[in-house]
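Please report on one helix and on the aromatic contacts in this protein. Keep it brief.

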Amino acid sequence: MAAASAVSVLLVAAERNRWHRLPSLLLPPRTWVWRQRTMKYTTATGRNITKVLIANRGEIACRVMRTAKKLGVQTVAVYSEADRNSMHVDMADEAYSIGPAPSQQSYLSMEKIIQVAKTSAAQAIHPGCGFLSENMEFAELCKQEGIIFIGPPPSAIRDMGIKSTSKSIMAAAGVPVVEGYHGEDQSDQCLKEHARRIGYPVMIKAVRGGGGKGMRIVRSEQEFQEQLESARREAKKSFNDDAMLIEKFVDTPRHVEVQVFGDHHGNAVYLFERDCSVQRRHQKIIEEAPAPGIKSEVRKKLGEAAVRAAKAVNYVGAGTVEFIMDSKHNFCFMEMNTRLQVEHPVTEMITGTDLVEWQLRIAAGEKIPLSQEEITLQGHAFEARIYAEDPSNNFMPVAGPLVHLSTPRADPSTRIETGVRQGDEVSVHYDPMIAKLVVWAADRQAALTKLRYSLRQYNIVGLHTNIDFLLNLSGHPEFEAGNVHTDFIPQHHKQLLLSRKAAAKESLCQAALGLILKEKAMTDTFTLQAHDQFSPFSSSSGRRLNISYTRNMTLKDGKNNVAIAVTYNHDGSYSMQIEDKTFQVLGNLYSEGDCTYLKCSVNGVASKAKLIILENTIYLFSKEGSIEIDIPVPKYLSSVSSQETQGGPLAPMTGTIEKHTIKSPKDGTVKKVFYREGAQANRHTPLVEFEEEESDKRESE
């Protein structure tokens with residue numbers, strides 16, 4: 001009998017304690033069970049997988065490592081100089097440096113990654129998603145070097161990974177495709193002529209890759225050239241290939257994709273569909289499975305069409321077939337992603353599978369663990385992508401340290417897929433995704449309630465995130481009703497980006513109390529360390545003989561200073577006056593894990609909030625939402641006003657200076673350009689300086 005793979009042997013015990021068997025008190029029982037099969041298959045190359053190299057970084061590298069460790073497979077990480085102290089490096093059994101921070105010199109360097117695989121004696125490489133995961137040349141190089149590529153064969157990547165080729169294959173197979181141009185002539189003029197023939201609006205898309213990279217919507221011929229050049233630059237940087245295709249842009253369609261799996265024995269199955277319609281900047285922001293409102297007969301047709309697509313190219317491993325769907329649930333093929341998708345956890349949650357485990361088993365030569373009839377759908381799952389970005393600034397990515405990071409507690413129906421920890425830096429060099437929050441419940445409404453509850457517990461301080469935006473999005477009535485489409489965010493932009501409201505006076509009282517109690521805790525610590533109970537620095541109670549002490553505080557709510565008169569009462573409570581209203585306030589601080597909580601009563605109404613005070617800002621996170629109150633700094637201590645440096649346009653985001661159109665705030669003559677192409681610039685840094693105008697000179701005189 002042929003030797004069973006190491007993966008197969010190690011799975012036998014794991015089968016008995018599947019992670020997805022949920023406590024009956026939490027959720028309805030989930031009835032799926034993996035059927036144990038006789039495992040007699042050697043790997044495709046006749047070798048076992050006992051060590052795998054993950055050719056990626058961040059959350060997906062950590063995700064693959066968790067399953068590998070569960071199976072007893074050793075893991076090898078690769079990292080750039082920027083990722084030296086990252087989470088995926090710490091998780092791995094071995095880790096190797098592969099070069100500078102820019103991905104083209106590190107994570108996209110095929111030769112360096114192959115060399116690490118040889119040095120570490122890894123039998124297989126898992127490419128994760130992004131970077132080299134859909135690179136035919138890399139899959140071919142692995143094959144030549146006798147290394148198992150955990151993904152489809154190079155021919156399938158070539159046929160389906162190149163969008164123009166995949167559309168031709170689908171059209172020949174009778175699958176409806178979106179009208180477009182997928183030819184070899186890549187001249188500007190040719191592409192422009194085809195755009196005119198198809199009719200605006202059109203979509204310019206990179207022939208390779210995915211994730212919204214190298215993708216632009218063009219609504220008129222006047223903007224075609226600029227958008228083409230921008231898409232090409234991004235495609236070259238992301239995939240090292242700037243070939244483009246043009247296709248008709250369909251307004252307000254749904255983006256529905258089907259998870260498929262194939263093996264080396266000619267089998268292929270589908271694991272139902274995901275709806276990924278809600279996007280910003282052509283990238284998904286929230287995904288769900290199954291797609292809302294899809295009838296069982298449409299679901300079956302989608303799945304069967306996806307399996308036909310996979311079998312047409314002898315597909316092996318995990319893949320996703322993407323469809324555009326109209327309001328009547330008619331669908332046509334868009335493209336196929338020949339890799340594991342970022343949103344694969346929602347499929348795992350509704351089918352009770354571990355798709356990375358399937359990848360390893362199939363790469364080791366086994367058959368697909370379940371037949372189509374054995375794959376059942378239960379419940380509903382959402383994935384919310386938490387990004388370091390500023391929704392109010394066109395979702396521009398931001399970079400910086402995660403000064404504070406606390407998350408909801410993981411359980412069988414709540415997953416937090418992340419590659420960062422508190423104190424880690426979100427790098428300017430890579431995708432700014434911080435984490436994926438994944439929840440499951442018995443039905444869509446229950447899952448949506450759980451998603452919102454969990455988002456409120458995901459608290460980050462140190463940089464802008466999209467968490468509040470995700471809360472607004474998941475609570476929008478149209479989203480609750482399942483009326484999703486790719487134009488959802490632009491259509492509901494005003495409701496989703498609500499302007500900042502003034503904090504309630506009760507919230508200002510909570511912030512003031514939190515500040516007072518923090519001061520008191522610091523004073524108590526000083527007293528213990530100084531051993532001088534009579535020191536004037538050892539009292540912060542505000543207690544006075546025969547009189548009550550009143551302290552005047554000023555807090556800043558947005559741009560508005562708020563005066564608060566705080567009277568320290570003898571019983572340890574406080575009377576706080578804001579304008580003409582007085583509040584009776586009392587409370588205390590306590591710790592849970594690494595977090596400090598404020599338990600507070602304002603005029604008899606009790607509340608509990610997570611309290612963080614960093615530098616000159618008070619943060620309060622509660623189930624009602626979050627507030628941010630500043631502590632004003634005297635002018636002589638503050639840095640020079642940023643307004644004094646705003647004579648020219650500012651960088652909209654932290655990043656590398658490339659060709660990019662930034663509108664100037666005023667007319668003028670450029671005196672000086674501060675950055676060369678290729679240089680790094682921080683967000684809100686002046687890019688150019690204007691000549692001083694005569695009117696400015698007269699005003700200064």
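The model is predicted. Helix α9 runs over residues 224-239. At 1.5 Å a residue, its 16 residues should span 22 Å, and its end C-alpha atoms are 22 Å apart, so the two values agree. Buried residues of α9 are Phe224, Leu228, Ser230, Ala231, Arg232, Ala235, Ser238 and Phe239. An α-helix has 3.6 residues a turn, so residues three or four places apart point the same way. The buried residues of α9 pack against helix α8 (188-198) and against β7 (202-206), β8 (215-218) and β9 (244-248). Asparagine 240 follows α9, with a positive phi near 60 degrees.

The whole structure holds 12 aromatic pairs. Two of them are listed here.

| Pair | Centre to centre | Angle between planes | Type |
|---|---|---|---|
| Phenylalanine 261 and tryptophan 358 | 5.2 Å | 75 degrees | edge-to-face |
| Phenylalanine 395 and phenylalanine 469 | 5.0 Å | 80 degrees | edge-to-face |

Each pair links distant parts of the chain. Phenylalanine 261 is in strand β10 (residues 254-262) and tryptophan 358 in helix α12 (residues 355-363), 97 residues apart. Both are buried. Phenylalanine 395 is in the loop between β18 (389-390) and β19 (396-397), and phenylalanine 469 is in helix α14 (residues 467-474), 74 residues apart. Phenylalanine 395 and phenylalanine 469 are buried too. Tyr107, Phe131 and Tyr430 form one aromatic cluster.

Which ring lies under the charged end of arginine 280? The ring is that of tyrosine 387, with its centre 4.3 Å away. Arginine 444 lies over the face of phenylalanine 479, 5.3 Å from the ring centre.

Key. Residues numbered from 1 in each chain as written. Predicted model: local features only at pLDDT ≥ 70, side-chain atom pairs only at ≥ 80, totals over all residues. Heavy atoms only, no water. Helix = DSSP H or I, 4+ residues; strand = E, 2+ residues; numbered from the N terminus. Expected span 1.5 Å × (residues − 1). Buried < 20%, exposed > 50% of the residue type's maximum accessible area, 1.4 Å probe, protein only. Contact = heavy atoms within 4.5 Å. Phe/Tyr/Trp six-rings, centres within 6.5 Å; stacked < 30°, edge-to-face > 60°. Lys NZ or Arg CZ within 6 Å of the ring centre and 35° of its normal.
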